Amino acid sequence: MNKILSIFATSLLAISPNNFDNFLNETQKVSPQINVINYEHLSDEEIQSYYSELKTGDKGESLLDSLQTLLKENQIKVNYDSGYIQGGKSTAWYGYYLYERNRDLSPLEEAEKEGKFKTSDIWVNVMYLNSPIYIEEAVNRKNTNFKYYPNYPDTTTIETGTFKSGVQFDREHVLPKSYGFNGVNGDKDAYKDLIVGCDAHNLHMADGTGNQQGHNNLPFGEVVNVKEEIKSAVTGEIVGHVGTGTNGNEVFEPLDKDKGDIARSIFYMAARYHNYENLGEEESPSIILGNNVKRVETIEPSETKENPAIYGELDDLLAWNALDPVTDFERYRNDLIYNNIQGNRNPFVDFPSWADACFDPENSNGIEFSNTQGAYKIELKAKENFKNSYYFLDKIDLRNFETSVIKSEETLVDPEVTFFLDNQEIKNGDTLSSIGNKEIRAKALVNGRVVATSNSITINISFSLVQIIIVAAISLVILIILIVIFTKLNKRQKNKIKKAIKKNLKKR
């Protein structure tokens, strides 16, 4: 009934004899896709479900093969420049503003929760820099301002700067593109046309000096003898060191805060692109990890079919994975890329211990699926005075429900709990604006991340007798108005209406 009322009301506002032709043409067009951003954190149950095809205890080559099969399912090719889906927003850096955003310094505003997100006046995390950067207008736009905290995480002192000509921030391939996807047939920009060259899990907003003068295409590793101290051209701070690594080859060592993020990005690449693939219009390389690997110039995908591209230092990366644990920012980034951008996940953000199962199998018992936050459970119960029937436009009373959140058999006191009506978040006193049987669930959050989802309790929302009479009366009035309008239309307009109705009936 409410759908009928909505349709009649929309028709009434849109139709008049003077603008009827325009209305008719518009209604026959395909509605554009709404740019809705899913900011939800996946629960541990949802994460485990994503990996349900894998087997507990699997490791080594078998696990890497299985991960590659899983991670390429539903993977969407990302536009390199925008960091967003192909055919979506083409503005430079568009997607990066979404998933590199520092949510602590730039929490979501209410308007953004409706689907759009800010691309200016936000703090973003930049690889190789200690401080997040406040972007006033756009990344790398000449003569525009930025801010940063020179003593971060101390925020009592703030510095300002201006983007100069040239690239200040880069889209950093953490696993360098020269290791299997730098160019095809001599085209140095061909990586932008390859799914591997545009993989969002490997691309990070990064300080340009740290990328070009520090990392370049060197292996990441612990520096034993420093050759060069790398300083940012943006903030002037030290971003890392180039020098001799533990195995005697030249490596780049970034700040401690980036080491785990870097390791897990590289682990992802070595899993997703473990075996060479000919995808028809493009190819994907075979990438493996090792130690004491010398830097290379350029390896094309086809060259890795028999001889995989090898990148290191593996031992240092495994150590960094433990040294710099997964942060909430990494988890949030992983969820945003999965939900909105690329359609696949980084398993080493979800389960950091899987790195050992994949790349050090002799010292691993294989993968397991215990959740990353601990054994959380949440139970939803209805109280004795529970009300399971509501009328349309009633207000929900969540005090009729009680929840208990348990972690490792210990009941938590005052946990953070959010309620959902079907998939829509609700709060006590919210107006019920839909009808039918609806499921109420509760979700437990830790540090803003959903760690458990409860059982569901069903309520029914219906129209009261008074509402039904009002809706029927309004519908009758609208129908009469439409009939009057129809009688005033000329023959051509009436024929268009009939054709449109027939067309819609055929579609249904």
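Hi everyone, let's start with two helices. Helix α4 (residues 60-72) packs against helix α7 (residues 256-272) at an angle of about 95°, their axes lying 7 Å apart. That makes α4 roughly perpendicular to α7, a label for angles of 65 to 115 degrees. Axes here are lines fitted to C-alpha atoms, over the stretch in contact for helices, and angles run from 0 to 180 degrees between N-to-C directions.

A word on the source: this is a predicted model, where local features need pLDDT of at least 70, side-chain atom pairs count only at pLDDT 80 or more, and totals for chains, interfaces and linings use all residues. Residues are numbered from 1 along each chain as its sequence is written, and side-chain values use heavy atoms, with hydrogens and water left out.

Which residues of α4 and α7 meet? From α4 come Leu 64, Leu 67, Gln 68, Leu 71 and Lys 72, and from α7 come Tyr 268, Ala 270, Ala 271 and Arg 272; contact means heavy atoms within 4.5 Å.

Now the sheet. Four strands form an open sheet in the order β3-β4-β5-β6, with antiparallel pairing; strands pair if DSSP finds at least two bridges between them. β3 (122-124) and β6 (159-162) are at the edges with a single partner strand each, so one side of each has no neighbour in the sheet. Inside it, β4 (residues 133-135) and β5 (residues 145-148) pair over three bridges, and Tyr 134 stands opposite Lys 147 in β5.

Finally, the whole chain: it has 13 helices and 24 strands, which are DSSP runs (H or I, at least four residues; E, at least two) numbered from the N terminus.

Terms used: Angles under 35 degrees count as roughly parallel, over 145 as roughly antiparallel, 65 to 115 as roughly perpendicular and the rest as oblique.
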